[in-house]
Amino acid sequence: MRTTRPVAREAREVNGTPERQRARLLLHQDQIKVGLAGNLRDYRFVDREGELVTGAQVDYNGQPAGYADPAETITHVDAHDNETLFDVLQYKLPRGTGMSDRVRANTVALATAALAQGPAFWHAGTDLLRSKSLDRNSFNSGDWFNRIDWTYRESTWGSGLPPRGENAAKWAYMRPLLADPALEPGERELRTAHRQAVDLLRIRFSSPLFRLGSAELVRRRVGFPTGGPDQTPGVIVMHLDDRTGPDLDPRWESVVVVLNASGRATTQAVPALAGARYRLHPVQAGGADPVVRTSEYRADGSFAVPARTVAVFVSR
């Protein structure tokens, strides 16, 4: 307890006031929207302040978030350098978050790459909660911290305190996390994470609307109908539209993706889509995640989605 209390107090101070946290989260949502739209510099959408902006006008650490065409960027949430996705979630999720919710958060994060325009990249093993025991840069850490158990039997979390290198400054944070048995996923969680990730890939390749390929098509077909200052923190709604122009998808005229990274169920209203006949994507309706099957489209144009869930709705 003498270790965890100061760390928790310091983490709260670093995070800032609730107002600062909300502002930062809504900025991140704008950045993610630009990424979902292929990082286009001239893609237009309504930002967190209710202004119509381009991707180039969204700040990313002093640089424009939008700067390219869809084929010129590779969208990813983790890579060989820095912490793995699962390790980042171990740092950032509240300590009491259950392992099933950690798995769900992993899936939602992967969805921001899998369902984005342009080439998508997944770090090896990220679909099965790969961990490097919080190692920030495992380039010289050897096989022990870099191993992957492709049999799903053993998590690589908690393999020991990572080498000094770029990690020593965070050892005080790492020790209590790595020593907590509640933070180690078992075979069941590894297999669940993998199956949910595979469903995302099946969805991506189920429709050409997820792989438009050109900036012009992205500008015309991709929208974010719930922007502005009143948008729900932690939730992004993306609309892929095949109702006008050349028919790109012979199966569906419209696809709605609701990314709910928050810890609460959400209902997102899109009045322009009222009266349509949306249903859950068949991959999810018969897929690995029973929770997403409770998602619902309502005739008033609203979409109800459980906490920490990505739900994809389709309409003919």
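Helix α4 is mostly covered, with 14 of its 16 residues buried. Buried here means under 20% relative accessible area, exposed means over 50%, and partly exposed lies in between (1.4 Å probe, protein chains only). The helix runs over residues 99–114 and reaches 22 Å from its first C-alpha to its last, close to the 22 Å expected at 1.5 Å a residue. That expected span is 1.5 Å times one less than the number of residues in the helix. Helices (H or I, at least four residues) and strands (E, at least two) are DSSP runs, numbered from the N terminus.

The model is predicted: local features need pLDDT of at least 70, side-chain atom pairs count only at pLDDT 80 or more, and totals for chains, interfaces and linings use all residues. Residues are numbered from 1 along each chain as its sequence is written, and side-chain values use heavy atoms, with hydrogens and water left out.

The secondary structure of the protein chain comes to nine helices and 12 strands. The radius of gyration is 20 Å, close to the 20 Å that the globule rule gives for 316 residues, so the chain is as compact as a globular protein of that length. The radius is taken over C-alpha atoms, and the rule is 2.2 Å times the number of residues to the power 0.38. Along the principal axes, the C-alpha atoms fill a box of roughly 60 × 40 × 35 Å. Of the 316 residues, 49% are buried. The chain exposes about 15,400 Å², and carbon and sulfur atoms supply 52% of this area. Accessible areas come from the Shrake-Rupley method with a 1.4 Å probe; for residues, only the protein chains shown count as cover. Among contacts with a separation of 6 or more, residues 24 or more positions apart account for 68%. A contact means heavy atoms within 4.5 Å.

Helix α3 spans residues 85–92, and its buried residues are L85, F86, D87, L89 and Q90. These buried residues pack against α4 and α6 (171–178).

L129 is found in the loop between α4 and α5 (142–146). Its phi is near 60°, a positive value in a residue other than glycine. L129 counts as buried, at 1% relative accessibility. S133 is found in the loop between α4 and α5. Phi of S133 is also positive, about 55°, although S133 is not a glycine. S133 is buried, with a relative accessible area of 0%.

A search of the whole structure finds eight aromatic pairs. The rings of Y43 and F45 have centres 6.2 Å apart and planes at 25°, so this pair is stacked. Rings of Phe, Tyr and Trp (its six-membered ring) pair if their centres lie within 6.5 Å; planes under 30 degrees apart count as stacked, over 60 as edge-to-face and the rest as tilted. Y43 is buried, at a relative accessible area of 2%. F45 counts as buried at 4%. Y43 also pairs with F224: the ring centres are 6.1 Å apart and the planes stand at 85°, so the pair is edge-to-face. This pair links distant parts of the chain, 181 residues apart. Y43 sits in the loop between α2 (18–36) and β1 (44–46), and F224 in the loop between β5 (222–223) and β6 (235–241). Both Y43 and F224 are buried. Elsewhere, Y278, Y297, F303 and F313 form one aromatic cluster.

Arginines also meet aromatic rings. R147 lies over the face of W144, at 3.7 Å from the ring centre. R204 lies over the face of F205, at 6.0 Å from the ring centre. A charge sits over a ring if NZ of Lys or CZ of Arg is within 6 Å of the ring centre and within 35 degrees of the ring normal.

Two loop prolines complete the description. P233 is placed in the loop between β5 and β6. It is partly exposed, with a relative accessible area of 28%. Leaving aside neighbours within four places in sequence, P233 is in contact with R22, L25, L26, Q29 and S262. P208 is in the loop between α7 (187–204) and α8 (215–221). P208 is partly exposed, at a relative accessible area of 28%. Not counting residues up to four places away in sequence, P208 touches L248 and D249. P208 and V77 are 131 residues apart in sequence and 22 Å apart in space, C-alpha to C-alpha.
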